[in-house]
Structure formats: C-alpha cells, structure tokens
Amino acid sequence: MIVNLYPLKEFKLPVIAECINPEVFKGKSIEEIGRLEVWEGNKQRRLNELFKLEAEEAESSPEAPVITIHGDVSRVRRIGAGMKNGEIVVKGDAGMHLGEEMRDGKITVYGNVLGWAGSMMRGGTIEVHGNAGDYLGAPYRGSTEGMKGGKIIVHGNVGREAGAHMKKGIIKIYGCAGQFVGFRMKGGTIYVQKDCEARVGACMVDGTIIVGGCVESVLPSFTIEGLRKRVKIEEGEVVEAPFYLFTGDLTENGRGRLFVAKGPNPHLSHYEKFL
Amino acid sequence: MELLIRNGFVFDPINGVNGEKMDIAVKDGKIVDKVNESRAKTIDATGMVVMPGGVDIHSHIAGGKVNAGRLLRPEDHFKDVERKTAVTRSGVGYSIPSTFTTGYRYARMGWTTVMDPAMPPLEAKHTHEELSDTPIIDKASYPLLGDWWFVLEYLRDGKIEECARHVAWMIKATKGYAIKVVNPGGLEAWGYGRNVESLDDPVPCFGITPREIIRGLCKVNKLLHLPHTIHLHTNNLGKPGNYLTALETMRCVEDLAENGKPVIHITHCQFCAFKGDDWRTFQSGAEEIANYVNAHSHVTLDMGQVIFTDTTTMTADGPFQYTLYTLTGNKWTNHDVETETSAGIVPFHYKRKSYVHATQWSIGLELALLIKDPWKIMMTTDHPNGGPFTAYPRIIAWLMSRKAREATLRKINPKARSRSLLPSISRELDFYEIAIVTRAGQAKALGLKNKGHLGVGADADIAIYNFNPETMDPAKNYRAVRRAFKRAAYTIKGGQVVVKDGEVLKHMDGATMWLDVQLCEPCEIELNENLKRRFKEYWTVEFENYPVSEDYLAVSHPIPVKADV
C-alpha cells in the first residue's frame with residue numbers, strides 16, 4: 001500500500017507526528033490512519049484534520065506501507081521516529097527529529113530537513129537531497145548516546161555538530177559542513193566532500209572523518225601521521241586524491257583518524273615538515 | 001468535610017492493625033472515631049488494601065544540587081514528558097523530575113510525606129522555594145551540619161551545650177527538620193583536595209576526627225530532643241571494604257543509647273555495605289551489617305536500593321562524586337558551599353550485566369531481608385542516587401515475592417548471581433511489614449506523631465491500593481502488586497481525595513514541616529554578635545539575609561520542640 005499525505009494548510013505551529021511511521025500505518029485502513037493522534041502546538045488533533053490522505057495499491061506489495069508526503073512539512077517533527085521497516089518519501093522540506101531512533105527502513109527527502117535528522121539512529125537509511133540542519137545524526141543535547149548504525153546521505157550542506165557522539169554507521173555529506181563535525185565521536189565514518197568549518201573531530205576518541213574540501217584549521221590536539229594516496233569511504237567508494245592523515249583528539253587520548261585532502265589545503269603544508 | 005472508607009483491609013502497624021476489615025472515618029483532615037454516615041462521602045474499599053500515606057525518609061527532591069542536576073541532564077527529561085491536565089501542571093521526569101511532577105508522582109503512588117535529606121544551609125531559601133512548589137505532599141528538609149565550621153569548632157573545644165544552642169538556631173534559621181551529617185570531616189578535607197579515610201583521621205585545620213563529630217552531634221541531638229536521630233551518610237561511602245567503616249560508625253555511638261531507643265540513622269546503607277579490597281574482589285557486606293543491626297537497637301537504616309536504570313547520582317559528598325567521575329568518565333559537577341559543605345553530581349547507568357552494579361542491587365535487598373525487625377530498615381532508593389522513587393513498586397514486589405527476585409536474578413551478571421545471598425533467602429514480606437518499611441517505620445524514626453498511622457487524631461493521609469490479599473497471593477502475583485502500588489486506587493491527603501486510579505484529581509499545597517526548637521533560656525544576642533562577626537569575615541551572604549523567615553514557606557507547619565539547654 002502507498003499512503004499519500006497532502007498538508008491541508010501551511011502549518012504555523014509545530015506539529016508533533018511520530019505516528020507518521022510505516023510501522024503504525026501497517027494493517028490500518030485509511031480511515032483508521034486518519035484518526036491517529038497528533039499534536040499541533042498544545043492542541044491534540046487527528047491526522048486527517050491536518051492532512052488529506054489517499055491510499056493506492058502498490059504494484060509490488062511491500063511488507064510495510066510506503067508513505068509519501070507531498071508538500072512542505074518543515075514544521076512537522078518526529079516523522080518516522082523509531083521506524084523499523086517500510087519507506088517514507090517527503091517531496092518537500094521536513095521538520096526536526098526526522099527518523100529519530102529509527103532502526104530500519106528508508107526515508108528520502110527531496111528538500112531540506114531541519115535539526116536532529118537521524119538523531120540516535122540505530123539502522124536504516126536517510127537520504128536528503130537538499131540541505132540538513134544542525135545535529136545531523138547527533139543525540140539530544142546533553143545525551144552521549146549517539147548514532148549506533150545506519151546510513152545518512154546528504155546531497156547539500158549540513159549545519160553544526162554533524163555526527164556528534166557517533167558510535168557506528170556512516171554519514172556522507174556531498175556539500176559543506178559546519179563546525180564540530182564528529183564532535184566526541186567514538187566510531188563510525190563521516191565523509192564531507194566539500195569544505196568544512198573549524199574544529200573538525202573535536203574530542204573524538206575513535207572513528208574516521210574524511211574531508212575532501214578546504215578545512216579552516218586542524219585542532220592543535222591532532223597530530224600528523226602521514227600522507228595517503230587514496231581513502232576508502234565504504235565498500236565500493238574510494239576517493240583518489242592525496243590526503244593528510246591526522247590522529248586525535250589527544251586531549252581525550254583519542255585514536256580517531258582525520259583525513260584532510262591535500263589539494264584544497266595549502267595552508268596545512270607546514271605539517272609536512274613533521275613527517 | 002467528612003469521609004468514610006468502608007470495608008478495606010487495613011494495615012496500620014503503629015496501632016497493630018494487621019489486615020482487618022474495618023472502616024476509617026475522616027473529618028476535617030483528621031482521622032476520627034466515627035462520622036455521620038448519611039452525610040459523609042463514602043469510598044468503597046472492598047477488596048482493597050488501606051494503608052497510611054507513604055512516608056519517604058530520604059529522597060533528594062529539592063534544592064541547589066537537584067536543580068543543578070536538572071540543568072546538567074537535559075537528556076533525562078525529553079523522553080519523559082507530562083502534559084498539563086485540567087488540574088495539574090506540565091513537567092518532565094525522569095530521574096530528577098521537576099517540582100510539580102515530583103509531587104504528582106509521589107501522590108500517584110500513595111506517598112504523602114517526603115523528606116529532602118540534604119540542604120546546604122546557604123541554599124536553604126532555594127530549597128524551600130522548590131519545596132513550596134512541590135504540590136500535594138508534606139515535606140521537610142535536613143540541613144547539612146556535619147562539616148559546618150561552627151559545629152567543628154564547638155566540638156573541638158568540647159562545648160557541647162554551646163554547639164547545641166548553635167544547632168538549634170541553625171535549624172530554626174534554615175527551617176530544617178533534623179541534623180544531616182555527610183561524610184563527617186571529609187567534606188571539609190575536600191576543600192583541601194583530601195578526604196578522611198577512617199573515623200580517626202583528623203580533619204585538616206580543625207584537629208577533630210569524624211568519630212568526635214558523630215558522637216558530638218549525637219549528644220547535641222539528645223540535648224535538643226529532636227524527633228529524628230542524626231541522619232548520617234557514612235565516611236568512605238561507595239568504596240569497597242567500607243562495611244567496616246559502617247560497623248565502626250554504629251559501634252562508636254553504642255554507649256549513647258538509652259532505653260533501647262535509636263540514636264543514629266545510617267542512610268542509604270547499601271552504599272556502605274561493600275566488602276572486598278577493590279572492585280574486582282568486591283562483595284556484599286550485607287550479612288555482617290544485618291547481624292550487627294539484629295543484635296543492637298540503637299540504629300536504624302534505610303536501604304538505598306539500586307534499580308537497573310539510567311539515573312543521576314547527587315550527594316553532598318564531593319570527594320565521592322569526584323571518584324565516581326574518575327570511574328565513569330561521565331560529565332560531572334562539583335561544588336564547594338563556602339564554609340558549610342560540598343556537593344557533586346554525576347549521571348550513572350546501573351547495568352544488569354555489570355558485576356558491581358548487580359551486586360549492589362543484591363546488597364540492598366539482602367539488607368532489607370536479613371534484618372529481622374522491619375522497624376529498623378526503611379525502603380528508599382536514595383532518590384535519585386540508586387534510582388528514581390518511581391521504582392518503589394518494583395522494590396515492594398522484590399521484597400514481597402521470591403519469585404520476583406528470581407526473575408530478576410536470572411537476568412543479572414552470572415558472577416553476581418552466583419555470589420548473591422538472595423537465592424538462599426526465602427523471606428517474603430507481607431503487607432503488614434511493607435506498611436512498616438514504607439510508612440510506619442519511617443514515620444516512627446522521624447518522630448512524626450500524626451503521620452504513618454490511622455489512629456484517631458492522625459492526619460488523614462491515606463493510600464488505598466487495588467489488591468485483594470484475601471484472594472491473591474502477593475508472592476505469586478508480584479506483577480499485580482507492582483501495578484497496584486504504581487497507581488494507587490485512592491490517595492487521600494489531609495482528608496481530601498487527591499488521586500483516584502492513579503490520576504491526580506486535585507492540586508493542593510502540601511505543608512513544609514520544620515522544628516521550632518525552644519531553648520530554656522534565650523541566647524540570641526550572644527550568638528548573633530559572634531555570628532555576625534564571622535559572617536562578615538567568611539560568607540558571601542549578609543547575616544541579615546541568611547535566615548529563612550516563616551513567611552517564606554508556602555504552607556508552614558512548625559513543630560515545637562523543647563530543648564534541654
């Protein structure tokens with residue numbers, strides 16, 4: 001089954017809708033789905049008060065329904081939170097906490113997403129064709145339980161603290177990234193194809209960060225290990241270019257690996273004298 | 001307003017009522033002999049357990065460090081949100097709930113009196129502001145006096161009577177309820193980056209030992225006739241091998257006991273019943289402590305039970321919190337409260353699969369089950385140090401059912417399981433004993449005359465739980481016990497029904513109890529002159545701004561105490 005959701009209005013207040021989840025929709029008729037509860041500001045509403053719902057039968061019948069949202073839902077939070085299977089497609093912008101703690105399945109956004117997309121993710125895939133906000137894949141403020149698995153692909157730019165406290169999994173960013181990429185990272189891989197603001201890998205203990213573009217500066221608590229001709233991002237994806245390899249963060253006795261492309265970073269050439 | 005609770009199985013240990021089917025009459029917030037049946041509102045408690053409202057002797061619910069804990073742990077709150085209803089306010093949990101939520105959650109479980117056990121005198125105003133904002137329950141707070149410079153000086157000079165006058169003034173000034181002593185001497189030593197290792201280790205700059213502080217304050221407590229004994233968090237808390245310190249502490253005040261009355265309360269005893277030389281050889285020392293307590297009557301304990309969950313540890317024991325930080329590497333705060341005390345906070349996750357954590361879980365229950373007299377041991381989690389108070393129904397189930405204990409034992413660390421004493425203990429508490437460890441014993445230890453029982457004249461604080469002890473065996477149906485205690489069928493506070501079926505029906509303010517200690521002769525002038533001079537020298541707060549005035553409390557409930565000095 002494919003369920004299509006069309007927002008009935010432009011949302012002015014934040015909407016909390018963790019029920020937009022294939023797991024919840026599964027086995028329900030369109031009327032039952034419409035009666036699911038959501039919050040708009042401090043008022044409880046039914047899903048069909050905010051969205052027009054349409055169901056169509058899929059050609060191939062997947063196990064869990066595919067949910068497609070047509071329109072701007074940038075005020076709708078927690079879409080696909082905790083989802084375990086199925087697929088969500090958002091043809092527009094999506095709000096905060098998209099796919100929070102998701103375990104499996106796929107979310108595709110043909111627009112931008114706001115903060116905490118894929119927060120505390122355990123598995124599955126999130127693909128964003130626009131930009132992503134701050135705290136991509138990072139836990140809620142104060143928590144140390146970061147991303148533990150899964151994959152996030154962003155084709156645009158991302159905000160600050162992408163992949164903070166990450167333990168496992170992969171984040172691929174084909175645009176630029178803000179400050180503190182991989183803050184307090186404990187494992188996993190983050191790839192930033194373009195430029196990166198400062199403080200990459202601050203307090204990281206383990207894991208890998210690869211930056212293909214220009215980095216403002218590398219933290220003084222990172223030490224240079226050598227030059228590499230190519231870097232493998234994941235199975236079947238290798239970047240062929242010379243990279244500096246740094247390890248750190250030494251303030252945390254870290255063994256994290258930070259690859260920074262040599263070409264776009266002539267200001268880091270002074271590190272070569274230590275090799 | 002009149003109220004009649006009909007036909008419940010009443011458990012009222014202070015009056016010796018053990019599960020008898022009887023009616024309880026309430027008029028104007030007090031329990032009375034009888035009421036006009038035609039006028040009174042009737043609650044049918046047929047097939048239900050009726051107990052006095054729960055009393056918690058030790059639960060960190062308000063004050064500077066509780067609030068610092070809330071700020072330190074935003075991640076603790078966002079998954080545990082309570083929306084507002086027509087009568088209640090919104091709030092968040094989990095291990096350090098906001099003030100309103102704290103009051104509602106206690107009331108939902110049938111608890112009506114809660115003691116906040118650690119109030120730095122300097123932060124008394126903050127503590128009372130939060131207590132005033134904690135609805136429904138009655139509460140009080142214990143000022144931390146064990147490392148207070150004046151106390152140390154008086155005790156060093158052997159001036160017990162002067163010390164007693166000073167403590168009396170302090171209790172009145174902070175609107176406190178009992179003398180709280182945390183790691184005596186250790187907190188002062190922590191100001192110099194040190195700690196005290198034993199009862200006879202001198203405190204830097206004061207030349208006094210923890211033994212002298214404990215004994216001195218015990219004597220002060222007796223001179224002032226305070227209703228509760230001194231409330232002591234022992235030295236070396238949280239270190240392997242500390243059960244010896246706990247035993248030594250209990251022994252050091254043995255000779256001060258009179259007429260078999262308790263003179264000391266060792267709080268969250270689980271944390272000071274560790275045997276072994278280090279964490280690898282760590283074992284339970286519960287048996288030794290229980291043997292001692294079984295043979296002596298001058299000591300009461302509370303459990304400080306550990307729950308397997310993510311919680312926040314917070315205590316005035318700064319050096320211990322620092323040790324905990326070095327053990328866990330978690331975020332932490334540590335604080336020195338001028339001349340008074342210290343404080344620290346570290347988030348902590350008790351895990352089933354950890355040998356040490358699982359053994360700690362076992363120690364708490366071993367203590368409760370091995371100590372034969374339930375009046376000597378009280379049920380607490382040292383909220384939030386061992387776990388949030390919302391876990392009380394689970395502890396009650398463990399205490400009442402061997403089956404419940406075995407179900408958890410199967411899931412814990414295998415080494416801890418094989419060393420635990422729990423499989424060899426067949427004791428299962430009944431509702432009468434549960435009423436003692438959760439309310440009657442605590443009220444008695446606190447000297448609360450109108451709480452913890454259902455005799456005529458007592459405050460009408462009543463909890464009714466939907467569990468029929470006649471048709472169901474709590475040892476077999478432990479899940480039903482847990483459900484019943486989680487959501488009280490009715491909670492009645494001051495004669496008004498505040499909770500029905502686990503839902504709060506009514507918002508009301510609870511009172512803040514404090515001791516109005518009346519000395520034989522007034523000595524305010526001399527005390528004030530001396531104090532004022534010292535305040536100018538050492539404090540950041542002016543003397544005039546220091547005491548908490550009575551109008552500062554939302555509902556003040558002074559309890560007069562006549563002292564011997």
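Me: Into which domains is chain A divided?
Reply: Domain bounds come from an automatic or database domain assignment. Here chain A has domain 1 (1–114) and domain 2 (149–275), and their C-alpha centres lie 34 Å apart. Please keep in mind that this is a predicted model, in which local features need pLDDT of at least 70 and side-chain atom pairs count only at pLDDT 80 or more, while totals for chains, interfaces and linings use all residues. Residues are numbered from 1 along each chain as its sequence is written, chains are lettered from A and ligands numbered from 1 in the order in which they are written, and side-chain values use heavy atoms, with hydrogens and water left out.

Me: What is the mean pLDDT of chain B?
Reply: pLDDT is the predictor's confidence in each residue, from 0 to 100. Where pLDDT is low, the predicted coordinates should not be read in detail. For chain B the mean is 94, and 99% of its residues reach 70 or more. The model scores ipTM 0.80 and pTM 0.91.

Me: What is the strand order in the open sheet of chain A?
Reply: Strands (E, at least two residues) and helices (H or I, at least four) are DSSP runs, numbered from the N terminus. Two strands pair if DSSP finds at least two bridges between them. In chain A, four strands form an open sheet in the order S4-S3-S2-S7, with mixed pairing. Its edge strands, S4 (43–46) and S7 (76–77), each pair on one side only. Strand S2 (residues 15–16) of chain A runs parallel to S7(A), with two bridges joining them; in one of these strands, S7(A), A:Arg77 is the bridge partner of A:Ile16.

Me: How many residues of helix H3 of chain B are buried?
Reply: Buried means under 20% relative accessible area, exposed over 50%, and partly exposed in between (1.4 Å probe, protein chains only). Eleven of the eleven residues of H3(B), residues 99–109, are buried, so this helix is largely enclosed by the rest of the structure. Among them are B:Phe100, B:Tyr104, B:Arg105 and B:Arg108. Just after H3(B), B:Gly110 takes a positive phi of about 90 degrees.

Me: Is B:His128 buried or exposed?
Reply: B:His128, in helix H4 (residues 124–132) of chain B, counts as buried, at 0% relative accessibility. Contact means heavy atoms within 4.5 Å. Leaving aside neighbours within four places in sequence, B:His128 has contacts including B:Met119, B:Lys175 and B:Leu553.

Me: Which residues touch the most other members of the largest nonpolar core?
Reply: In soluble globular proteins, nonpolar side chains tend to be buried together. A nonpolar core is a set of buried Ala, Val, Leu, Ile, Met, Phe, Trp, Tyr and Cys residues joined through side-chain atoms within 4.5 Å. The largest has 144 residues, of which B:Val167, B:Ile179, B:Leu224, B:Ile289 and B:Leu399 touch the most other members. A second, separate core of 71 residues includes A:Phe25 and A:Ile126.
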